[in-house]
Every structure is written in structure tokens, then in C-alpha cells.
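Here's a walk through one structure, loop by loop and helix by helix. Have a look at it first, then read on.

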Amino acid sequence: MKRAIYSFGNEVFTFFANRVEEELNARDIPHIFVGGSAVQAHILKRLTDSYDTDISTLASNEGLRFQDYIRATDDIDLALKFPEEDEKDIAEVNTVGSIRDFCDALSGEYISGTEKNIFSYELERRGITKPVFKIKIDEDEEERIFMNLSRKSKNLKKLSFSCYNEFIDAGSELVIPYSKDYNLKLTVPKLEHVLATKISQLRAKDLMDISNLVKVVHSVGEEVDLEELERILKPVHTKNYGQFLSLVGLDGLHPNLY
């Protein structure tokens, strides 16, 4: 049973995400972390910069209330981009093989980034879209990390198919200090692209992510590029876009949007 228990405040989750990033880069597979992981990364990058500290310190700061900023998850969601080939069947075989090799490479036993524990990751369920990894910290079995691997434009729910490659191509790596000598490194979509995927769906968890992310962005003096959001979301998601503006207190910019 899936349980939303992990954030990048958990080193075992952070270490696994780093391994994912390393293996995808080693294979030259264009990619971005999407969903809750991307939201967490954007929030934590701004918080660690603003407080001039690292993730582990933020997570242990009782006065900050880490949970007010970060929604826990049990998933790592990835959008992957593979080269197209003339022969569709050949392309599919090569892609499936690449994904299987990538997942196999994530299994193993490692000294944690802070060198305080031994982390073990075991591929428990193979799959080219939803692999599952069992986790151990030292000798104690923990929970499981579920992965959702997208590789086709149709997997980008509710947005134009053209956005899939655009979002990956515009992604960039964020480097966020986890502790004094250890960083979290993730390739994520730009801020507006993360928000666009959330606004287009607007489920309860999307509303929470949107609110947390925009609150932190504004708290550090940044602004959201509303023109970029409108380009992606309108006219199909005009209603959702209006709800977003209302949620973050910007509805006065478009009083006649509805």
C-alpha cells in the first residue's frame, strides 16, 4: 500500500533521487523530475538560499515547521525523452532496454551521503512505467519508493502534447545543499512549467503544492511569469487559470477572466 511519507528532508529518499539523476545523466537520457518532487525541489532551493542553510537543518528546525512547506510523497515521477528512430519497433525495443538497464543500476548498497548509514535499494517490481524499490536503512527494512516513468507526450495529462518535449528541453539542474558536505541534484522543469502541470489538473494535492510553491516564491521576492502560464494554459484551461489567480491572490489582474 502506497503511503505519502517521504520528502527531501529524508536522506534515504534524497540519496535515491540523486542516484536516479546520476544514472540518467550517465546514459545521456534527457529527463526532468516532475510532480511533487519538482515542487519540493523548487521550494527547497529558495528556502535554503533564503535562510543560507541546508535541507537537513531546515527539516530539524522546529520553528520553521517543514511540513507547512513540503507535502510528503512516496513517488518519484520522471518524464524521459528518447530519440526517435525510423523503425518504430526498433525504437521501442531500444527504449525498453534502456529503461530496464537504468532501473537495474539503481539497485545496490551504498554509504549514505552524510556517511551515517548504509542504504540499500532493491528493485522489487520490474516495469518500464511503474517500478518499485524496497528500501533498507542499515539492516532495518523501511518502506518502498514507487516510480512513475513517462516517455511519451500522451503521458503529460491535460496539456498540449507539444509541452512534453518543450518542458524537458527547458529543464535545468538544481543543486540544493542537503548537509554541509552533501548536495541534492535534480533536473527539474522551470517554475512556470511546474505550475502549469499542477494548474491543468487542480486536484486537492495540486492546490496544496501550488499554494506552498507560490508562497515561497513571493517570500523571496520572485514573481511568476504569468505570460508564460497564459501561453501554456489558455484557452483550454482558462477556468483553472482563473482559480489559480484567485488562490494566490492575483485575481485582481484579470477581473473579467471568467
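Let's start with Asp-28, which sits in the loop between α1 (11-26) and β1 (31-34); helices (H or I, at least four residues) and strands (E, at least two) are DSSP runs, numbered from the N terminus. This is a predicted model, where local features need pLDDT of at least 70 and side-chain atom pairs count only at pLDDT 80 or more, while totals for chains, interfaces and linings use all residues. Residues are numbered from 1 along each chain as its sequence is written, and side-chain values use heavy atoms, with hydrogens and water left out.

Asp-28 isn't a glycine, yet its phi is positive, about 55°. Its relative accessibility is 68%, so Asp-28 counts as exposed. The cut-offs here are under 20% relative accessible area for buried, over 50% for exposed and partly exposed in between (1.4 Å probe, protein chains only).

Asp-52 is another non-glycine with a positive phi, of about 50°. You'll find Asp-52 in the loop between α2 and α3 (55-60), and at 71% relative accessibility it counts as exposed. Further along, a cis peptide bond links Lys-234 to Pro-235, with omega about 5°. Pro-235 belongs to the loop between α8 (226-233) and α9 (238-247).

**Helix α2**

How many of the 16 residues of α2 are buried? The helix is mostly covered, with 12 of the 16 buried. Among them are Gly-36, Ala-38, Ala-41, His-42, Leu-44 and Leu-47. α2 covers residues 36-51 and reaches 22 Å from its first C-alpha to its last, close to the 22 Å expected at 1.5 Å a residue; that expected span is 1.5 Å times one less than the number of residues. Asp-52, the positive-phi residue, follows α2.

Ser-37 is one of the α2 residues, and at 2% relative accessibility it counts as buried. Leaving aside neighbours within four places in sequence, Ser-37 is in contact (heavy atoms within 4.5 Å) with Phe-8, Phe-13, Asp-75, Ile-76 and Leu-186.

**Helix α7**

The 16 residues of α7 should span 22 Å at 1.5 Å a residue, and its end C-alpha atoms are 23 Å apart, which agrees. Buried residues in α7 include Asp-206, Ile-210, Leu-213, Val-214 and Val-217. What covers them? Part of the cover for the buried residues of α7 comes from α2, α6 (191-201) and α9. Just after α7, Gly-221 has a positive phi of about 85°.

**Cavities**

Searching the whole structure turns up 2 cavities of 30 Å³ or more. On a 1 Å grid over the protein atoms alone, a cavity is a set of points where a 1.4 Å probe fits but cannot get out, and lining residues have an atom within 4 Å of a point. Grid points are joined across faces, edges and corners, and a volume is the space filled by probe spheres set on the points.

| Cavity | Volume | Lining residues by class |
|---|---|---|
| Largest cavity | about 50 Å³ | 3 nonpolar, 1 polar and 4 charged |
| Second largest cavity | about 30 Å³ | 5 nonpolar, 2 polar and 2 charged |

For those classes, Ala, Val, Leu, Ile, Met, Phe, Trp, Tyr, Cys and Pro count as nonpolar, Asp, Glu, Lys and Arg as charged, and the others, Gly among them, as polar.

The second largest cavity is lined by Val-39, Gln-40, Ile-43, Tyr-69, Ile-70, Arg-71, Met-208, Asp-209 and Asn-212. α2 and α7 (204-219) are the elements that give two or more residues to that lining.

Around the largest cavity you'll find Arg-100, Cys-103, Asp-104, Leu-123, Arg-125, Arg-126, Gly-127 and Pro-131. Both α4 (88-106) and β4 (118-125) supply at least two residues of this lining, with the largest share, 3 residues, coming from α4.

**Asn-148**

Last stop: strand β6 (residues 140-150), where Asn-148 lies. Is Asn-148 buried or exposed? Asn-148 counts as buried, because its relative accessibility is 17%. Apart from neighbours within four places in sequence, its contacts are Asp-75, Ile-76, Asp-77, Leu-78, Thr-129 and Lys-130. With Lys-130, the Asn-148 side chain makes a side-chain to side-chain polar contact at 2.9 Å. A polar contact is a pair of N or O atoms within 3.5 Å; within protein, one must be able to donate a hydrogen and the other to accept it, and residues adjacent in sequence count only if both atoms are side-chain atoms.

Note on methods: 1 Å grid on protein atoms, 1.4 Å probe; cavity = no way out; pocket = protein on both sides within 12 Å on 5 of 7 lines; lining within 4 Å.
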